[in-house]
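Thank you all for coming; today I would like to walk you through the aromatic rings of one structure, and then through a residue beside them. Please have a look at it before I go on.

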Amino acid sequence: MNILRLPFVRTIIFCILILTLLFINQLNVLLFFLLGGLYALTESIMSKKGGDINTGNKFIDFGWIFFLLITMFLVLIDYF
């Protein structure tokens, strides 16, 4: 379970879940905000408890932002 302590892994799991629901046409506004809220709550709890692991690799430590932005961009393109 140490791999789940990496923000990169948690973000990848969240993005894959959102994109899967988006592409099979099951993502609606309520589900998107529910999953986003659960993701934000998880990240908040992990940062408060000091549960995140820093690897020293810039891509792994900060690369999750790129995947989150790409996912949000794809959701917005599908919405419009």
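Let me begin with what counts as a pair: rings of Phe, Tyr and Trp, for Trp the six-membered ring, are paired if their centres lie within 6.5 Å. Please keep in mind that what you see is a predicted model. By that definition, a search of the whole structure finds four aromatic pairs.

In one of them, Phe 14 and Tyr 39, the ring centres are 4.5 Å apart and the planes stand at 20°, and because planes under 30 degrees apart count as stacked, this pair is stacked. Since Phe 14 lies in helix H1, residues 7-23, and Tyr 39 in helix H2, residues 29-48, the pair ties together parts that are 25 residues apart in sequence. Phe 14 counts as buried, at 12% relative accessibility, and Tyr 39 counts as buried too, at 13%.

Another pair is that of Phe 66 and Phe 67, whose centres are 5.7 Å apart and whose planes are at 70°, so that this pair is edge-to-face. Here Phe 66 is exposed, with 52% relative accessibility, while Phe 67, at 27%, is partly exposed. Ring pairs also link these two residues with Phe 8 into a cluster.

Finally, let us turn to Thr 11, which is found in helix H1 and is buried, with a relative accessible area of 0%. Its side chain reaches the backbone oxygen of Pro 7 at 2.8 Å.

Methods
Residues numbered from 1 in each chain as written. Predicted model: local features only at pLDDT ≥ 70, side-chain atom pairs only at ≥ 80, totals over all residues. Heavy atoms only, no water. Phe/Tyr/Trp six-rings, centres within 6.5 Å; stacked < 30°, edge-to-face > 60°. Helix = DSSP H or I, 4+ residues; strand = E, 2+ residues; numbered from the N terminus. Buried < 20%, exposed > 50% of the residue type's maximum accessible area, 1.4 Å probe, protein only. Polar contact = N/O pair within 3.5 Å; in protein donor to acceptor, adjacent residues only side chain to side chain.
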